[in-house]
Amino acid sequence: MIAPPKTRKLLFWLGLSMPMVALVAMTWLVHQSGGQFNSSFNWVMRTYKVLDLFEQTQAHIVDAEANQRGFLLTGHDEYLEPYQAAMQAIRDDLAELKNFTRKEPAQQAKVIALENLVDSELVFDPAAALPAGRPATNASIAQLTTSGKRKLEDLRRVIFQAREEQQQALVLH
(Lines give C-alpha, C1' and ligand atoms only; values in the text may rest on other atoms or scores of the structure.)
Protein backbone atom coordinates (compact mmCIF):
# COMPACT_ATOMS: atom_id res chain seq x y z
CA MET A 1 0.00 0.00 0.00
CA ILE A 2 1.39 3.30 -1.05
CA ALA A 3 0.71 6.36 1.09
CA PRO A 4 -1.17 9.22 -0.51
CA PRO A 5 1.00 12.10 -1.76
CA LYS A 6 -0.19 14.41 1.00
CA THR A 7 0.94 11.95 3.71
CA ARG A 8 4.28 11.39 1.97
CA LYS A 9 4.88 15.09 1.83
CA LEU A 10 4.04 15.42 5.53
CA LEU A 11 6.35 12.51 6.44
CA PHE A 12 9.12 14.01 4.31
CA TRP A 13 8.94 17.39 6.07
CA LEU A 14 8.55 15.75 9.46
CA GLY A 15 11.62 13.61 8.82
CA LEU A 16 13.55 16.64 7.69
CA SER A 17 12.48 18.90 10.58
CA MET A 18 13.10 16.41 13.43
CA PRO A 19 16.90 16.51 13.09
CA MET A 20 16.71 20.31 12.82
CA VAL A 21 14.70 20.50 16.05
CA ALA A 22 17.18 18.14 17.71
CA LEU A 23 20.08 20.28 16.47
CA VAL A 24 18.50 23.47 17.82
CA ALA A 25 17.79 21.77 21.16
CA MET A 26 21.36 20.50 21.44
CA THR A 27 22.73 23.95 20.57
CA TRP A 28 20.61 25.48 23.31
CA LEU A 29 21.77 22.86 25.85
CA VAL A 30 25.43 23.40 24.96
CA HIS A 31 24.99 27.14 25.31
CA GLN A 32 23.33 26.75 28.72
CA SER A 33 25.96 24.38 30.10
CA GLY A 34 28.73 26.52 28.59
CA GLY A 35 27.42 29.53 30.48
CA GLN A 36 27.41 27.56 33.72
CA PHE A 37 30.94 26.36 33.00
CA ASN A 38 32.15 29.92 32.36
CA SER A 39 30.50 31.15 35.53
CA SER A 40 32.03 28.34 37.56
CA PHE A 41 35.45 28.84 35.95
CA ASN A 42 35.37 32.58 36.71
CA TRP A 43 34.41 31.90 40.34
CA VAL A 44 37.29 29.42 40.76
CA MET A 45 39.77 31.86 39.20
CA ARG A 46 38.57 34.66 41.47
CA THR A 47 38.91 32.38 44.50
CA TYR A 48 42.49 31.51 43.57
CA LYS A 49 43.23 35.22 43.13
CA VAL A 50 41.90 35.89 46.64
CA LEU A 51 44.06 33.08 48.05
CA ASP A 52 47.08 34.54 46.25
CA LEU A 53 46.30 38.00 47.64
CA PHE A 54 46.19 36.62 51.19
CA GLU A 55 49.63 35.03 50.63
CA GLN A 56 50.96 38.27 49.19
CA THR A 57 49.54 40.29 52.08
CA GLN A 58 51.16 37.98 54.59
CA ALA A 59 54.56 38.38 52.89
CA HIS A 60 54.20 42.18 52.91
CA ILE A 61 53.20 42.12 56.58
CA VAL A 62 56.33 40.14 57.45
CA ASP A 63 58.44 42.66 55.47
CA ALA A 64 56.82 45.63 57.22
CA GLU A 65 57.21 44.13 60.68
CA ALA A 66 60.83 43.11 60.09
CA ASN A 67 61.78 46.58 58.86
CA GLN A 68 59.83 48.25 61.64
CA ARG A 69 61.66 46.14 64.19
CA GLY A 70 64.99 46.79 62.45
CA PHE A 71 64.42 50.53 62.74
CA LEU A 72 63.30 50.30 66.36
CA LEU A 73 66.35 48.21 67.28
CA THR A 74 68.95 50.23 65.43
CA GLY A 75 67.44 53.64 64.81
CA HIS A 76 68.86 53.53 61.26
CA ASP A 77 66.74 55.25 58.64
CA GLU A 78 67.64 52.61 56.03
CA TYR A 79 64.81 50.46 57.43
CA LEU A 80 62.14 53.12 56.88
CA GLU A 81 61.94 53.02 53.08
CA PRO A 82 61.36 49.23 52.87
CA TYR A 83 58.90 49.55 55.78
CA GLN A 84 56.94 52.27 53.96
CA ALA A 85 56.99 50.31 50.68
CA ALA A 86 55.68 47.22 52.49
CA MET A 87 52.96 49.24 54.21
CA GLN A 88 51.82 50.68 50.87
CA ALA A 89 51.78 47.17 49.39
CA ILE A 90 49.67 45.99 52.37
CA ARG A 91 47.18 48.82 51.81
CA ASP A 92 46.98 47.96 48.11
CA ASP A 93 46.52 44.25 48.91
CA LEU A 94 43.76 44.99 51.42
CA ALA A 95 41.97 47.24 48.93
CA GLU A 96 42.10 44.46 46.32
CA LEU A 97 40.90 41.90 48.86
CA LYS A 98 37.96 44.13 49.76
CA ASN A 99 37.09 44.41 46.09
CA PHE A 100 37.37 40.68 45.37
CA THR A 101 35.40 39.65 48.48
CA ARG A 102 32.68 42.30 48.29
CA LYS A 103 29.97 39.62 47.87
CA GLU A 104 31.24 37.54 50.81
CA PRO A 105 30.34 39.15 54.15
CA ALA A 106 32.39 36.70 56.24
CA GLN A 107 35.52 37.38 54.19
CA GLN A 108 34.85 41.13 54.27
CA ALA A 109 34.79 40.94 58.06
CA LYS A 110 38.15 39.15 58.07
CA VAL A 111 39.68 41.69 55.70
CA ILE A 112 38.44 44.52 57.94
CA ALA A 113 39.81 42.72 61.03
CA LEU A 114 43.14 42.35 59.25
CA GLU A 115 43.09 46.02 58.28
CA ASN A 116 42.40 47.00 61.90
CA LEU A 117 45.24 44.81 63.14
CA VAL A 118 47.62 46.33 60.59
CA ASP A 119 46.59 49.83 61.68
CA SER A 120 46.99 49.08 65.38
CA GLU A 121 50.09 46.89 65.24
CA LEU A 122 52.19 47.95 62.26
CA VAL A 123 51.61 51.67 61.79
CA PHE A 124 54.03 53.81 63.78
CA ASP A 125 55.62 57.24 63.75
CA PRO A 126 59.39 56.85 63.41
CA ALA A 127 60.03 60.29 64.91
CA ALA A 128 58.15 59.43 68.09
CA ALA A 129 59.23 55.78 68.25
CA LEU A 130 62.77 56.30 69.50
CA PRO A 131 63.75 58.58 72.33
CA ALA A 132 66.43 60.97 71.05
CA GLY A 133 69.91 59.50 71.26
CA ARG A 134 68.82 56.54 73.34
CA PRO A 135 70.15 53.18 72.12
CA ALA A 136 68.15 50.00 72.46
CA THR A 137 68.83 48.02 75.65
CA ASN A 138 68.72 44.26 76.09
CA ALA A 139 65.33 44.60 77.78
CA SER A 140 63.90 46.68 74.95
CA ILE A 141 65.32 44.26 72.38
CA ALA A 142 63.65 41.35 74.14
CA GLN A 143 60.40 43.29 74.37
CA LEU A 144 60.50 44.21 70.66
CA THR A 145 61.19 40.61 69.71
CA THR A 146 58.32 39.32 71.82
CA SER A 147 56.03 42.08 70.60
CA GLY A 148 56.96 41.41 66.97
CA LYS A 149 56.32 37.71 67.36
CA ARG A 150 52.90 38.37 68.92
CA LYS A 151 51.98 40.85 66.16
CA LEU A 152 52.84 38.40 63.43
CA GLU A 153 50.97 35.57 65.15
CA ASP A 154 47.83 37.71 65.46
CA LEU A 155 48.02 38.80 61.82
CA ARG A 156 48.80 35.27 60.59
CA ARG A 157 45.85 33.88 62.54
CA VAL A 158 43.41 36.20 60.77
CA ILE A 159 44.98 35.48 57.37
CA PHE A 160 44.95 31.74 58.07
CA GLN A 161 41.25 31.80 58.97
CA ALA A 162 40.41 33.80 55.85
CA ARG A 163 42.45 31.46 53.62
CA GLU A 164 40.85 28.39 55.21
CA GLU A 165 37.38 29.78 54.59
CA GLN A 166 38.28 30.53 50.97
CA GLN A 167 39.72 27.04 50.45
CA GLN A 168 36.62 25.46 52.02
CA ALA A 169 34.43 27.35 49.59
CA LEU A 170 36.63 26.14 46.75
CA VAL A 171 36.29 22.51 47.87
CA LEU A 172 32.51 22.81 48.14
CA HIS A 173 32.16 24.45 44.75
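**Salt bridges in the predicted model**

Aspartate 154 and arginine 150 sit four residues apart in helix H5, so about one helical turn separates them. In this predicted model, the two side chains form a salt bridge, with 3.3 Å between the closest N and O atoms. Aspartate 154 counts as buried, at 18% relative accessibility, while arginine 150 is partly exposed, at 37%.

Arginine 150 has another partner as well: its side chain meets that of glutamate 121 in a salt bridge, at 3.4 Å from N to O. This pair ties together distant parts of the chain, with arginine 150 in helix H5 (residues 138-172) and glutamate 121 in helix H3 (residues 105-121), 29 residues apart. Glutamate 121 comes out as buried, because its relative accessible area of 16% falls under the 20% cut-off. Put together, Glu121, Arg150, Asp154 and Arg157 are linked in a network of salt bridges.

Another contact joins lysine 49 and glutamate 96, whose side chains meet in a salt bridge at 4.0 Å, N to O.

As for the overall tally, searching the whole structure turns up ten salt bridges. In general, side chains of opposite charge can pair when their charged atoms come close.

Technical notes: Residues are numbered from 1 along each chain as its sequence is written. This is a predicted model: local features need pLDDT of at least 70, side-chain atom pairs count only at pLDDT 80 or more; totals for chains, interfaces and linings use all residues. Side-chain values use heavy atoms; hydrogens and water are left out. Helices (H or I, at least four residues) and strands (E, at least two) are DSSP runs, numbered from the N terminus. Buried means under 20% relative accessible area, exposed over 50%, partly exposed in between (1.4 Å probe, protein chains only).
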